[in-house]
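Here are my notes on the two-chain model you sent over. Keep the viewer open while you read them.

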Amino acid sequence: MQHRANEYLNGLRLGVPIVFGYVPVAIAFGLVCRNAGLPPHVALLFSALVFAGASQFMAVEMLTLGIDGLQIIAATLAVNFRHFLMSSSIASRVPQPVIAFGITDEVFAVASAHPGTLTPRTVLGIETMAYLAWTGGTIAGALAGEILPLLLQQALGVTLYALFVSLLMPQLVRDRSVVAAAAAAVAIRLGLGAAGWFPAGVVLLFAIAGGAAAGAVVGRRGGGGRPDGGRRGGWRRQEAGR
Amino acid sequence: MSTMTLILGMLAATFVPRLVPFLLPAAGNPPAWLAHALGYVPAAALAALVVPGGFTAAGGNVGASVAALAVAAALSFRRVNIGITLAAAVGVAALGIVLAGTGAG
């Protein structure tokens, strides 16, 4: 029993660095929800049930654009499909479905870097820290938004986009194929958006798929490896973007 | 679709890719070309999400919005902590709104 408790406690300790990365972004998510007119309990439900930061930000953005829920869910599936690869890797070491829900980019990174035997309790410990940081930060941000002056609330509108830029920049400087993916996605988003042929959510899906295809083509021609440097799961920035 | 239904749908969309490899280990090996392309999905999604909304995010003020995103880009390029980066971007946006006289006052 003591041995099992130690495994879990070790996981909690390993998860501490994730807390420092998650809390600021989770607070930002709570504020973004507040700015979008979503009540604090809805912000908390997003974080508690979806537990996928980038998709949560994306969903709030799409909601404010009036995009249909099914298109938001489809975009969520597209963005989070990389977790399929991460779970595959973790499952080969710890074949316990109980740890599946808590697998994020950062949990995957910490667990993968753990030397030696990786136990289910250790992974659960890492996931517990990540989950508490994400949900706690979200509710803090959502509640703080209630008391902020209007000027700051307006300025906080850039938080979401600043986060996207912050996550994107390190990837752009890594490989020109990533630049191609981003440029193609922007061009498709603006081009199809201006044409007005499709709903905004469909345009976004086309932009994501077209951008990924362009990046893959350029990456193949350039003889480069994966945009994440060969590790599974492309979203490498530690601080956010599950 | 209600917000609760949306959240439950997103729960399914995020949980299923996480769970399937544990239940069906053989499914966790997609074709190489697909695995390669999937690696570019996050970057493509981020880029597609920034435009055009990012240009008017600071209370509709284009200058303040662009300045804030430029600061975020510069700081993240320097690998500054993301909390500091976001705080700096919000600060620049607030300053831009005040200077332009479009703030709440």
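1. Some bookkeeping before the details. Helices (H or I, at least four residues) and strands (E, at least two) are DSSP runs, numbered from the N terminus. This is a predicted model, so local features need pLDDT of at least 70 and side-chain atom pairs count only at pLDDT 80 or more, while totals for chains, interfaces and linings use all residues. Residues are numbered from 1 along each chain as its sequence is written, and chains are lettered from A and ligands numbered from 1 in the order in which they are written.

2. On confidence: pLDDT is the predictor's confidence in each residue, from 0 to 100. For chain B the mean pLDDT is 85, with 92% of residues at 70 or more. The complex as a whole gets an ipTM of 0.82 and a pTM of 0.66 from the predictor.

3. Start with B:Val50, which sits in helix H3 of chain B. Is B:Val50 buried or exposed? I call a residue buried if 20 or more other C-beta atoms lie within 10 Å of its own, exposed if 12 or fewer, and partly exposed in between, with C-beta atoms placed from the backbone. B:Val50 has 25 other C-beta atoms within 10 Å, so it is buried. What does B:Val50 touch, leaving out residues up to four places away in sequence? Its partners are A:Tyr161, A:Phe164 and A:Val165, where contact requires C-beta atoms, placed from the backbone, to lie within 7 Å. Within chain B, B:Leu69 is 19 residues from B:Val50 in sequence and 9.5 Å from it in space, C-alpha to C-alpha.

4. B:Val51 and B:Pro52 are joined by a cis peptide bond, with omega at about -5°. B:Pro52 belongs to the loop between H3 and H4 of chain B.

5. Two positive phi values also deserve a look. A:Phe51, in the loop between helix H3 (40–50) and helix H4 (53–64) of chain A, has phi near 50° and is not a glycine. A:Phe51 is buried, because 24 other C-beta atoms lie within 10 Å. B:Arg79, in the loop between H4 and H5 of chain B, isn't a glycine either, and its phi is about 60°. B:Arg79 counts as exposed, because 12 other C-beta atoms lie within 10 Å.

6. Now the chains. Chain A has twelve helices and zero strands, and 55% of its 242 residues are buried. Chain B has five helices and zero strands, and 49% of its 105 residues count as buried. Taking contacts with a separation of 6 or more, residues 24 or more positions apart account for 77% in chain A. In chain B, 46% of the contacts between residues at least 6 apart join residues at least 24 apart.

7. Which residues form the contact between the chains? Chain B gives 62 residues and chain A gives 82. On the chain B side, the elements with two or more residues are helices H1 (3–23), H2 (32–38), H3 (41–50), H4 (62–77) and H5 (82–100). The largest share of that side, 17 residues, is from H1(B). By type, the chain B side splits into 45 nonpolar, 15 polar and two charged residues. Here Ala, Val, Leu, Ile, Met, Phe, Trp, Tyr, Cys and Pro count as nonpolar, Asp, Glu, Lys and Arg as charged, and the others, Gly among them, as polar.

8. A nonpolar core, as used here, is a set of buried Ala, Val, Leu, Ile, Met, Phe, Trp, Tyr and Cys residues joined through C-beta atoms within 7 Å. The largest one has 112 residues, and A:Val158, A:Ala181, B:Ala44, B:Ala68, B:Ala89 and B:Ala93 touch the most other members. Helix H2 (residues 16–35) of chain A gives this core its largest share, eleven residues. Not counting residues up to four places away in sequence, A:Ala181 touches A:Gly211, A:Ala212, A:Ala214, A:Gly215, B:Tyr40, B:Ala43 and B:Ala44.

9. One helix pair to finish. In H10(A), A:Leu168, A:Gln171 and A:Leu172 meet A:Val178, A:Val179 and A:Ala182 in H11(A). That contact divides into five nonpolar residues, one polar and no charged.

Key:
Contact = placed C-beta atoms within 7 Å.
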